[in-house]
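Reader: I have a two-chain structure open. Can you walk me through the contact between the chains?
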Amino acid sequence: VANPWSESAIERRLHGNRLESVGKSRRGGSQMSPARGSTELCHSEIRLRIIGRNLSSCDATKVGSLESYVKPSNFRSAPALCTLGLIGTVWLSAPAAAHLGGDADSVAVDSTMMHAQLRSTPMQSYQLHEITTASGTQVHEYATTQGTVFALTWQGPLPPNLRQLFGSYYARYQSAAAAQTRPGMHRALIIAGPDLVVQSTGHLRAFRGRAYIPNLVPAGVTVADLP
Amino acid sequence: MSHRYRWIVLLGLCALAGCGGGGGNSGSLGSASSSGSSSSSSSGSSSSGASGSNVVALVVGPGPAAANGGTFNIPYTSVTLCNPGTTTCAVIANVLVDTGSSGLRIMASALQASGLALPNTVDPNNASNSIAECLPFADGYTWGPVTVADVRMNGELASSLSVNIIDDDSYYAATVPTSCTSINSSTSLNSVSAFEANGVLGVGTFDQDCGTSCAGCGSSCNSNSDIYYSCNIATNSCAFTPVSLTAQIRNPVALFASDNNGVILELPGVPTTGQTGASGSLIFGIATQSNNGLGSATVLTADGDGNFITTFNGQMLDSSFIDSGSNGFFFADSSIPACTSTTQNPMANQFYCPSSPLSLQATNQGQNGVTSTVQFEITSLSSLNGTFYASPSIGGPAAPSTALGSYFDFGLPFFYGKNVYVAIDDKTASGTPGPYYAYIAN
């Protein structure tokens, strides 16, 4: 029996997800399942994967879609997970605050809420958390070294749940967007407020955007250069 | 006055109360055949066109009355929808022809006005439910049910095509789910005025509007994998559901018996200062008939997202596209001043207002390595005559280029004086697999 924790197993899974996500592989129309997704927002009880902040000795790129394999009884496999940068698995009864401006835990909440894969990489002056959703949309959350999310970007076939990602900033985003008159389809929404900048662009099956809180951007970080 | 909205938009720029008038809504777009006429007329409207059973009229004008005159540079056609297998049909005029999306979407209000009733598509997995769609846009979403119609455009027929009804009049009893309003800005685009059109005919590079993600999400479909819902109208509840590739909202062209590998948009040249309108042709198929050959057009193959690379001002813009649904050239250039928004004209800052006309150029490069330099002009929106619905020199700012990449949106101004080809992603057109764009001066 293949070890689900093996790199090859994870790679296969990652690879499979990517194939599906880019929409280039034609898989025919026979995958329809009678089962139906019922996920509207978050479940009241969610599972979090906490990714170690110090991944320098691990290959973070191998941290893939482990979530579906993780069961409470797998706690004992933590040593094996350590090599993958996964240092533990916890159950929470309710999501912590998760948003732009939120703390590092909120990134994990975002990932779980979005049924997505997460990997985290410490950079020189910020932390990069990468979330890959089921459709293949990639969300990057940028946190200060203290853990506060100051910027995020997204790119992929479906826009991410911005209500989730923006958290308490979503209301002001909504009102700023609603204040704009739509002058035809520019396939862009650009908001440049003093406390929130949002650039949402793209067309069907290819969306892209970024948002940041200017006064939370760490010194020395240029938002335009964020990968 | 059908142009009230337009006046609100342009008054501040024109700075005079009588800055323009006239026009009126275009009520005569019902004919599905091409006029085949040519050359400019004295009224300031020009036309060009092909003829044949694979050709329908493509008209740039004020659009539907409900749009209050709309903005400008919006190309319309007419689409005939019929109850599947019957001759019970209606013509919907003033449908936006959009190379930036795929699939036919009709405003519920326009369908109601036509008198045609189309049945909601029953969920194949739950006979009590019907299928609905939440379609994301960069600046909001549309919501409404999926229905099925035989769709005719001149001699072309897409049988039993899934059509998305944009529920602008709330006839669909299942109201928009929170998960739909949580994408992007939560701004509803369910209105004729949001699109300045009675519907959208998406003839872009994709066959389906979602693809494998929505078809294969199985029991774990959610807003990150899916845009389709199964809705119970009685209980007003909706849940994500997978929808097969064939049942998704599809580019109608892909369902035609032949002429199904793409389209050509053919519009006449328009003077830099603009004119009241323009008439051209929407031609179905690429190199399938004597009237739709590729000729010596420049072919830029696109990536899986339907994009190519544009180099402008030294910036490499990796996600560029050609979009008849955009009413200007949209690109980032901080040296060009945007117009000033006012209370009366809140959208002016989404266009450029250079102090004098600018001659610019950009270089496009396809995945196939083919490059093509495009010359274009940008004039101030404030100089556009209020009665002109066609202008080849309107542009506006895009999101600035970053490490994430950026784009150049070649909107309708790019199409004037050209034949623009759009080849569908799973087809081959004139020997080259789609997706691709091609263009040539006409």
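**A salt bridge between the chains**

Author: Start with one pair. In this predicted model, Asp139(B) and Arg182(A) meet through their side chains in a salt bridge, 2.8 Å from N to O.

Reader: How many salt bridges are there between chain A and chain B?

Author: Four salt bridges are counted between the two chains. Residue pairs in polar contact between chain A and chain B number 25, both partners at pLDDT 80 or more.

Reader: Which elements of chain A touch chain B?

Author: Several supply at least two residues each to that side of chain A. Among them are β6 (149-156), α5 (170-178) and β9 (206-212). By class, the side of chain A that touches chain B has 27 nonpolar, 26 polar and 13 charged residues.

Reader: Back to Asp139(B). Where does Asp139(B) lie in chain B?

Author: In the loop between β8 (126-137) and β9 (140-153) of chain B.

Reader: Is Asp139(B) buried or exposed?

Author: Buried, because its relative accessible area is 10% and the cut-off for buried is under 20%.

Reader: What is Asp139(B) in contact with, leaving aside neighbours within four places in sequence?

Author: Residues from both chains. From chain A, Arg182(A), Ala188(A) and Leu189(A). From chain B, Ser185(B), Thr187(B) and Leu189(B).

Reader: New topic. What area is buried between chain A and chain B?

Author: About 6200 Å², with carbon and sulfur atoms giving 53% of it. The contact takes 66 residues from chain A and 86 residues from chain B.

Notes:
Residues are numbered from 1 along each chain as its sequence is written. Chains are lettered from A and ligands numbered from 1 in the order in which they are written. This is a predicted model: local features need pLDDT of at least 70, side-chain atom pairs count only at pLDDT 80 or more; totals for chains, interfaces and linings use all residues. Side-chain values use heavy atoms; hydrogens and water are left out. Helices (H or I, at least four residues) and strands (E, at least two) are DSSP runs, numbered from the N terminus. Buried means under 20% relative accessible area, exposed over 50%, partly exposed in between (1.4 Å probe, protein chains only). Contact means heavy atoms within 4.5 Å. Buried area is the accessible area (1.4 Å probe) that two parts lose on being put together, summed over both. A polar contact is a pair of N or O atoms within 3.5 Å; within protein, one must be able to donate a hydrogen and the other to accept it, and residues adjacent in sequence count only if both atoms are side-chain atoms. Ala, Val, Leu, Ile, Met, Phe, Trp, Tyr, Cys and Pro count as nonpolar, Asp, Glu, Lys and Arg as charged, and the others, Gly among them, as polar.
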